[in-house]
Amino acid sequence: MRKRFARASDLGLTEKEFAVLRRLDTPQKIQSFVHDLRQNFELDGQSCRPVREVLRRRRAHCIEGAMLAGAAFWVHGEPPLLLDMRAERDFDHVVALFRRHGCWGAISKTNGIGLRGRDPVYRTLRELAMSYFHEYTNRREHKTLREYSLPFDLRQMDPALWAGGTKNCWDVPERLDDLRHFPLMGRRHLRLVARRDPFERRLGTLLQYPRPRALIAKYLARLARQRKR
C-alpha cells in the first residue's frame, strides 16, 4: 500500500484513534506526544505492540514509539520510515525518520537522556546514527553502537499488523533485522573508544520515568546470581 496519505480505514483505526494522529501534524508535536507516553518496561514479557495498543495503553518503548510516529507521518503525507541501529552486547534502537530541507531528523522513544529525538540537521543517515554513538552505552559503560540500517518504509507491510492490530507485531523487528546494515566505523577507530567516565555515568542514571520496583528487584536478583558464579 503506497498511498501518500493514510486514512483511518487504511490504518485499521477508529475515528477517535485516528484523530489523535491527525493532531500530530509536525515533528515537534509527534516527538512531544511520544515523549509523554509512559515507558513500557515489558513487565508482562517482551512486546512489540501495534499503534492501536500503544494509543490504548499510553505506554511504549523504542520500536513501539517509532511505529506510532511513522503512522502519524503517513497520516500527514510523509513516508513512515524506520531506522534500525545495531549495538554490540546491547539492545538495538529504532527511530522514525523524517526530512526537512534535505536533512534528516529522528523521532525517538527512550527513557534516558541520550537517545532522544534529533532535529533535522543531519545530511546523511550515518551522521544521524553517529549522533547517538557517545551516549549509547551498556551497563558496563561500554559504547556499544556499531551499525545503522537502510530506511524501512512501513507501507511495505500490512497496516493491519503494525497499526490496527491488537497482538504483538514481531514481523516489524524481523524485517528490520533483515535489512542491509552499514558499519559506523572500523576496528582501528573502535580500539580508541573509551568507557564513560564517572560523571557521565551519573548523568546516565537520569530517567524520565522511574523503573518499577518489580523490575529493580529482578535486576538485583540477577546481579546476585552472577556474583555467585
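Me: How many salt bridges does a search of the whole structure find?
Reply: The model examined here is a predicted one. A search that covers the whole structure finds salt bridges to the number of 14.

Me: Which helices hold E17 and R52, the two residues that form a salt bridge?
Reply: The closest N and O atoms of E17 and R52 are 3.1 Å apart, and both residues are buried, E17 with a relative accessible area of 17% and R52 at 18%. Because the two residues lie in separate elements, the pair ties together parts that are 35 residues apart in sequence, E17 being in helix α2 and R52 in helix α4.

Me: Are K29 and D25, whose side chains meet in a salt bridge, buried or partly exposed?
Reply: The side chains of K29 and D25 meet at 2.9 Å, N to O. The relative accessible area is 41% for K29 and 42% for D25, and since buried means under 20% and exposed over 50%, K29 is partly exposed and D25 is likewise partly exposed.

Me: Which elements are included in what covers the buried residues of α3?
Reply: Helix α3 spans residues 27-36, and its buried residues are P27, I30, Q31, F33, V34 and H35. What covers these buried residues includes the strands β4 (93-100) and β5 (103-107), together with the helices α2 (15-23), α4 (51-57) and α5 (62-75).

Me: Where does R58 lie?
Reply: R58 gathers with K16, R22 and R23 in a surface patch of positive charge, and at 37% relative accessibility R58 counts as partly exposed. Its place in the chain is the loop between α4 and β2 (59-60).

Definitions and conventions: Residues are numbered from 1 along each chain as its sequence is written. This is a predicted model: local features need pLDDT of at least 70, side-chain atom pairs count only at pLDDT 80 or more; totals for chains, interfaces and linings use all residues. Side-chain values use heavy atoms; hydrogens and water are left out. Buried means under 20% relative accessible area, exposed over 50%, partly exposed in between (1.4 Å probe, protein chains only). Helices (H or I, at least four residues) and strands (E, at least two) are DSSP runs, numbered from the N terminus. Contact means heavy atoms within 4.5 Å. Patches are made of residues with over 30% relative accessible area and no salt bridge: like charges are joined within 9 Å, nonpolar side chains (Val, Leu, Ile, Met, Phe, Trp, Tyr) within 5 Å. Accessible areas come from the Shrake-Rupley method with a 1.4 Å probe; for residues, only the protein chains shown count as cover. A salt bridge is a side-chain nitrogen of Lys or Arg within 4 Å of a carboxyl oxygen of Asp or Glu. Lys and Arg count as positive and Asp and Glu as negative; His and the chain ends are not counted. The place of a charge is taken as NZ of Lys, CZ of Arg, CG of Asp or CD of Glu.
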